[in-house]
Amino acid sequence: MTQNQLPFIRAVAPYILSVFIVCVAACSCNKSTGGDSPDPVTPPANNSDITAYVTFPGQSIFFKKQTTALNFSTASPAYQTIDVDASNTYQTIDGFGYTLTGGSASLLHALPDDKEAAVLKELFATDQDNIGVSYLRISIGASDLSAAPFSYNDIPTSETDFELKRFSIDKEKADLIPVLKQINQLSPGIKILGSPWSAPEWMKTNKAFKGGSLRTDCYAVYAQYFVKYIQAMKAEGITLDAITIQNEPFHGGNNPSMLMSAAEQADFIKNHLGPAFTANNIATKIIIYDHNLDRPDYPIAVLSDPGANKYIDGSAFHLYGGAITALTDVHNAFPNKHVYFTEQWVGGPGNFASDLIWHTENLIIGATRNWSRNVLEWNLAADPNYDPHTDGGCNTCLGALTIGSTVSKNVSYYIIAHASKFVRPGSTRIASNNTSALLSVAFKNPAGQTVLIVLNKSAGAESFCIRMNNKTATTSIGAGAVATYVW
């Protein structure tokens, strides 16, 4: 061994050790020859009760199905134990996914047809090695990860169009709508959330895409703008499950962006948007806030208005400020309203290990353990230069995919994969405990499978037991690794 080889040996040693412990732990408890386990929504092979998928922070294993047999027995637990209790149930899950920004759609649709189809299949189909993304957020008009700001009613700011005669979603027919139609074929019924970054410029106090507020005399016409948008997308075969009123209503420095106070949002919903949806038989859910968890007072204030409350399905959050436990605070204040987690970026170039750990802890585990019905990472795709984006928009947002001369997967792809493949829409979160080293969340999916997601936050490999219905399986997980167990 040379001196230059020592750092490499030290780096890979924890992962080699963890694989060794998995094999030893499994073999010591179960006499099995191992073998591959089958695809999702089918029972594991006879020689293994549990199917496991693992991602290592050192990027030696990426969401890889394990071949070592992992079986339940009546033996007493020999290690720290995660108890899974399906009799203790929480919220229903709507899905896991990303924001399909305008830039993401343009990059995907610019691929050769066969390559675009293959990438979309891997993302949205549920069979074989595909990850089954089940929830998408799209922007209503441009986001800051579009090539340039636009709305669906762009006219000179000296003019008005209160009858919305010049409303058109034609700009979305180039990339976004064709991509969404392909996704609908792969994943019929996928839930889609629409979020505006700004109203049309002529409706705003500053007559600009960046900053400003919605003019009070434009509340009614802006409500009709939402109605026309939902109807126009429906005519294209795209159903909006939900909309939020305004992306990041405290952040007026983005391009595009728009400020909106809690009182303004309550007024808009109570007196304009809610009645407009009712009058037009719009079933799309109305979700409020869509900003950071450091201001739970905002959604609580809007929900405290009885006139607005009756139209609202729930509240949406990001985690660029605050604590993920604030989701529970909002849930406890209004337990009959839902909470959603709708955005979290990875800043490029990123750190795979730390990003994997932080996002899994706070979002996949943290958000769902605090009542969220979904988890969305931010951008689905960017090019190697973090384009496209608007002038002043995010210039270091790392996509789940990087699309250039090749298509490569980044950390957000694997973060979502650990939940989306098996925690299908309609799954119910069930009880599981954390240990001093291991964080977990568990679900029962519509196929009747139990799904347990585990993160090892310790600096070394950890042996542990999974216990359910008085039966125990023993396994191990590497330092900083994430594992999804299905049985």
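A crossing of two helices is called left-handed if the near helix is turned anticlockwise from the far one by less than a right angle, and right-handed if clockwise. Helix H3, residues 113-124, passes helix H4 in a right-handed crossing. Helices (H or I, at least four residues) and strands (E, at least two) are DSSP runs, numbered from the N terminus.

Before I go on, a word on the source. This is a predicted model, in which local features need pLDDT of at least 70 and side-chain atom pairs count only at pLDDT 80 or more, while totals for chains, interfaces and linings use all residues. Residues are numbered from 1 along each chain as its sequence is written, and side-chain values use heavy atoms, with hydrogens and water left out.

Let me stay with H4. Two packed helices are described by the angle between their axes and the distance between the axes. Axes here are lines fitted to C-alpha atoms, for helices over the stretch in contact, and angles run from 0 to 180 degrees between N-to-C directions. The axes of H3 and H4 (residues 176-186) come within 10 Å and cross at roughly 50°. H3 and H4 are therefore oblique to each other. On the scale used, angles under 35 degrees count as roughly parallel, over 145 as roughly antiparallel, 65 to 115 as roughly perpendicular and the rest as oblique.

Which residues meet? From H3 there are Glu116, Ala117, Leu120, Lys121 and Phe124, and from H4 there are Val179, Gln182, Ile183 and Leu186. Contact means heavy atoms within 4.5 Å. By class, this contact has six nonpolar, one polar and two charged residues. Ala, Val, Leu, Ile, Met, Phe, Trp, Tyr, Cys and Pro count as nonpolar, Asp, Glu, Lys and Arg as charged, and the others, Gly among them, as polar.

H4 also packs with helix H2, residues 102-109: their axes come within 8 Å and cross at roughly 75°. That makes H2 roughly perpendicular to H4. Ala105, Leu108 and His109 of H2 make the contact with Leu176, Pro178, Val179 and Gln182 of H4. Those residues divide into five nonpolar, two polar and no charged.

Next, H5 and H6. Helix H5 (residues 219-235) packs with helix H6 (residues 262-279) at an angle of about 50°, the axes being 9 Å apart. This pair is therefore oblique, and H5 passes H6 in a right-handed crossing. On the H5 side, the contact residues include Tyr222, Phe226 and Ile230, and on the H6 side they include Phe268, His272 and Phe277. The residues of this contact divide into 11 nonpolar, two polar and two charged.

How many aromatic pairs are there in the whole structure? A search finds 25. Rings of Phe, Tyr and Trp (its six-membered ring) pair if their centres lie within 6.5 Å; planes under 30 degrees apart count as stacked, over 60 as edge-to-face and the rest as tilted. Phenylalanine 226 and phenylalanine 268 form a tilted pair, 6.1 Å centre to centre with 50° between the planes. Phenylalanine 226 lies in H5 and phenylalanine 268 in H6, so the pair ties together parts that are 42 residues apart in sequence. Both phenylalanine 226 and phenylalanine 268 are buried. Buried means under 20% relative accessible area, exposed over 50%, partly exposed in between (1.4 Å probe, protein chains only).

Is glutamine 265 buried or exposed? Its relative accessible area is 0%, so glutamine 265 is buried. Leaving aside neighbours within four places in sequence, glutamine 265 is in contact with Ile245, Gln246, Met260, Ile288, Tyr289, Tyr298 and Val302.

As for helix H11 (residues 411-420), 10 of its 10 residues are buried, so H11 is largely enclosed by the rest of the structure.

Last, some backbone points. Most residues other than glycine have a negative phi, and most peptide bonds are trans. The peptide bond from asparagine 255 to proline 256 is cis, with omega near 5°, and proline 256 is in the loop between strand E7 (242-244) and H6. Another cis bond joins aspartate 387 and proline 388, with omega about -5°. Glutamine 59 has a positive phi, near 65°, and is partly exposed at 43% relative accessible area. Tryptophan 371 has a positive phi near 85° and counts as partly exposed at 23% relative accessibility.
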